[in-house]
Amino acid sequence: MSMFEIHGGFTGLAASSRVRLARNIKGYPFRLTEQQHSEIADKVFAALKENPTIGPEFDKKQIIPRSTEASQLVEEHLISPELAQNGGWLIVSKDSGVSIMVGEEDHLRLQVIGTGLCPKECLETANRVASLIEAALPFAYDERLGYLTACPTNIGTGLRASIMLHLPMLTVTEQMDRIIGYAGSRGCAVRGTYGEGSQAVGGFYQVSNQVTLGASAAELTDKLVETATTIIDAEKKAREQVRSQNEPALRDRIYRAAGTMKSAYLIDTSEAVQCISDVLIGLQMGFLSGMDAQKLYALEEHIRPAMLNGAPQDRDKKRAEILREATKPIQFN
Amino acid sequence: MKCEKCGKNEATMYYKETVNGVTREMHLCPECAQKENLGGAFENAFQSMNHFWSDPFHSFLGGGFGSLWNDMLGEAAPTATMLGTERKCPTCGMTESELRRTGRVGCPDCYATFADILNPYVQKIHGATRHIGTAPAAPEQPKADPVADLKAQLKAAVESEDYERAASLRDEIRRMEGEQK
């Protein structure tokens, strides 16, 4: 049993949840030398190791700038593209549920990931780990402004809580602008899967809190969960609407996607993500069965270019192999 | 609106240029924009917009958004300009111009050093100026009860028959208990 594995509800529709706390160690400037990064990584690691329960769960590794391993960690959402580019340290739990980047814009970026809709549980774990570190290494904190960060946009709670939502039917029915507006009115931002500025392939979006000051981390998280739940309901409605309008066309699209995944010999990333998206709908709406939706979602991470390595054509072949194997049990209802 | 060049397609692009004081405006379809060799201009404009969205704070500080940035952060402190020397954070050496350029502060003390710049900005982005919630655990301090302390003193005063002191202590206790109610 993994120590930090967190599973929430709405499996599939809410693919995963993530909480990030930005923290800086008191007594250091925000921008550090390589030597200071390594010093802080050592201290944080030592603080965690002192705890007999969670200490043994953590490993520490150096991030070599622009290395293949660094790119893989980006695709696993364990480090940011910036850390992969500039190098630093990663302290990560064996199950990858908790990760701490050392050397990002802030000294520490503590992240907790779970599956489904579970930002509250993620926040609890993040708070627990943060206070464990804080007991040994006091953080830069101001009575009025809260936790101090390199960028004023993260000040206060230092919290970025986000939920990855699968909203293919809101996308198809062109309701995303309305949804983005709604989320904005609730203080939440909606972006494409791979964070800021990226495209939403396969209808995967990330919903996150926008402000970090003036409300507690728990309040911000509650508001995010409420917003996400409303969006999920809208997606469910859109699915039923599409089904009632033209079920044969929907069924055809889903069956074709499952067929492609079951039989393709070469497949590129974007086609694969699109197929995963369609098959996910099929599993959730009962057109397909035999596979757990969350398991299928997890595949999305394993078929990214850096995870597979090698020349593009080799990757397409490897990717197709993984998908063929994984989708074997899928049945057409 | 139809394209001003071909008059057939829908105009989806608006182009405006000012050369030597002469302004030229056009509403074009993508095809004619390409023919006019304006593709590059549109593409560049688009790219800079993209950049703007991917890192808005950064762009505010760039030349093009200078006025917006000044709006948001207020004018530079007059003392700094008058003296011709830049304001610097005494702890980390961060200068005011670097702060405005990068949008990042240098150390925790910068928030105090450049409070006049940062406070209005924080208010603007968060709509709040006060942190709520998690705080570092305060070092354990036994909370003294001032009234209990005074009562002990009163008892001692009565026992030592110092009635004058006892009376003033009694008044003090009444005053404090009244405050607590």
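## Strand β10 of chain A

Let's start inside chain A: A:Arg191 stands opposite A:Gln206 in β10(A). This is a predicted model, in which local features need pLDDT of at least 70, side-chain atom pairs count only at pLDDT 80 or more, and totals for chains, interfaces and linings use all residues. Residues are numbered from 1 along each chain as its sequence is written, with chains lettered from A and ligands numbered from 1 in the order in which they are written.

Strand β10(A) covers residues 204-209; strands (E, at least two residues) and helices (H or I, at least four) are DSSP runs, numbered from the N terminus. It pairs in the antiparallel sense with β9 (188-192) of chain A over five bridges, and likewise with β8 (159-166) over five bridges. Pairing requires at least two DSSP bridges between the strands.

Is β10(A) covered on one face or both? Both: A:Phe204, A:Gln206 and A:Ser208 are buried on one side, and A:Tyr205, A:Val207 and A:Asn209 on the other.

## Helix α2 of chain A

In α2(A), residues 68-75, the buried residues are A:Ala70, A:Leu73 and A:Val74. They line one face of the helix, because they fall within an arc of 105 degrees seen down its axis, the arc being that of the directions from the helix axis to the C-beta atoms. Just after this helix, A:His77 takes a positive phi of about 60 degrees.

Methods: A residue is buried if 20 or more other C-beta atoms lie within 10 Å of its own, exposed if 12 or fewer, and partly exposed in between; C-beta atoms are placed from the backbone.
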